[in-house]
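Hi,

Here is the structure I promised to pass on to you. Have a look at it first, and then read my notes below.

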Amino acid sequence: MEKCNILGIGHFVPNKILTNEDLEKIVDTSDEWITTRTGIKQRHLVEKETCSDLAFKASLNALKDANLTPEDLTHILIATFTPDAYVPNASTVLQAKLGLKNIPCFDVNAACTGFLYALELARGICAIHEKAKVLVVASEILSSRMNFQDRTTCVLFGDAAGAIIVSRESSSNIKIKDVRLKADGTLGNLLTVIGGGSMHPPQLGKIIDEKYFVQMKGREVFKHAVRSMASICEEILESNNLSSKDINLFIPHQANIRIIEALAKKLDLSLDKVYINVQNYGNTSAASIPLALSEAYEKNKIRKGDKVLLVAFGGGFTWGASILEF
Ligand code: ACO
């Protein structure tokens, strides 16, 4: 198939910042613990905005970058596990906010790997529909699923959105060279948000419990994250006849600086080739990759001809990688 291109890139983060010092006043933690264990110094959190609000603003930024209007779009995909509501789905809410009707809207839930899963679906749509212009957004309100009494998780996450527009049209030079995806459902219990689903349905009058929030076996997740992301990067590089030396910028999922460093070491990539912004935003789940990609692009960290390697890992477990060429 003819390669797909990215026509525009954008992101949006809410204004409110919660620093590690702010968290010290909420739970029994310290800036020192959070910084040394995760690299995170602050995160952005919404006050009233929803998943579709952040998605809307990121989408407008991507459309502007592509020199397109909402009416040019043919499909909308949102990667999220924190939608505005179960029904209607977040992508139809976004469609209405963009002033559109009658184009298909999909929500994709693959936790932190959601953006790469949505990217692969966008490539599929473009393979079927020659003229497709697919808006791919990842938007997460992690703060809506954070238990601020649980210090082992509430220090890790933040809210954000990132968006791109995917098409077979070649008005842009950003090519999606490849996408590779994997999943292992036997390890799903290591990272969960169970409350409200059919396994743990809400009951009238029953108090919300900890199952409604992100629960994670951190050490286990850490181990699998490094191993799985390293192996999928090696696989996608090899099948494209590339080595890590050919990569100009590496954009890994921004969950933890120690995971990023361990991964870079395994791939023999020097840290000056790695884009890192986890210190400013924490782990924004599916939004993490497009947020980092958009920031790197905006800051001119990517030059013409550069090959960019993306990799993510998240609940499910799911993981994936992609190679872009600018
Ligand atoms: N402040 C202070 N102490 C804390 C905190 C905190 N915020 N959180 C935990 N501790 C304590 C624990 O209670 C424990 O104390 P104990 O030894 O007295 O029992 C001690 O610190 C060590 O806890 P561990 O959980 O073993 O700490 P670890 O070094 O593994 O770091 C962390 C925890 C940061 C969560 C790490 O395991 C990690 O990053 N895991 C990967 C998580 C991840 O990347 N998830 C993202 C992928 S999936 C997704 O994005 C949704």
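**Two domains**

The protein chain is divided into domain 1 (4-172) and domain 2 (176-325); these bounds come from an automatic or database domain assignment. Please keep in mind that this is a predicted model, where local features need pLDDT of at least 70 and side-chain atom pairs count only at pLDDT 80 or more, while totals for chains, interfaces and linings use all residues. Residues are numbered from 1 along each chain as its sequence is written.

How far apart are the C-alpha centres of the two domains? They lie 14 Å apart. The contact takes 47 residues from domain 1 and 42 residues from domain 2. Here, two residues are in contact if their C-beta atoms, placed from the backbone, lie within 7 Å. Several elements each supply at least two residues of the side of domain 1 that touches domain 2, among them strand 1 (4-12), helix 5 (114-128) and strand 6 (133-141). Helices (H or I, at least four residues) and strands (E, at least two) are DSSP runs, numbered from the N terminus. Helix 5 gives the most to this side of domain 1, with seven residues. By class, the side of domain 1 that touches domain 2 has 23 nonpolar, 16 polar and eight charged residues. Ala, Val, Leu, Ile, Met, Phe, Trp, Tyr, Cys and Pro count as nonpolar, Asp, Glu, Lys and Arg as charged, and the others, Gly among them, as polar.

Helix 7 (residues 218-239) has 22 residues, so at 1.5 Å a residue it should span 32 Å, and its end C-alpha atoms, 31 Å apart, agree with that. The expected span is 1.5 Å times one less than the number of residues. Buried residues in helix 7 include Val221, Ala225, Met229 and Ile236. A residue is buried if 20 or more other C-beta atoms lie within 10 Å of its own, exposed if 12 or fewer, and partly exposed in between, with C-beta atoms placed from the backbone.

The axes of helix 7 and helix 8 (residues 257-266) come within 9 Å and cross at roughly 35 degrees. Axes are lines fitted to C-alpha atoms, for helices over the stretch in contact, and angles run from 0 to 180 degrees between N-to-C directions. Phe222, Ala225, Val226, Met229 and Ala230 of helix 7 make the contact with Ile259, Ala262, Leu263 and Lys266 of helix 8. By class, these residues are eight nonpolar, no polar and one charged.

**Backbone details to look for**

After helix 7 comes asparagine 241, in the loop between helix 7 and strand 11 (249-252). Asparagine 241 has a positive phi of about 55 degrees although it is not a glycine. Is asparagine 241 buried or exposed? It counts as exposed because it has 7 C-beta neighbours inside 10 Å. Asparagine 300 also has a positive phi, near 55 degrees, and is found in the loop between helix 10 (288-298) and strand 12.

Which peptide bonds are cis? One runs from valine 87 to proline 88, with omega near 0 degrees. Proline 88 lies in the loop between strand 4 (75-79) and helix 4 (90-97). Another joins glycine 316 and phenylalanine 317, with omega about -15 degrees. Phenylalanine 317 sits in the loop between strand 12 (307-314) and strand 13 (318-325).

Best wishes
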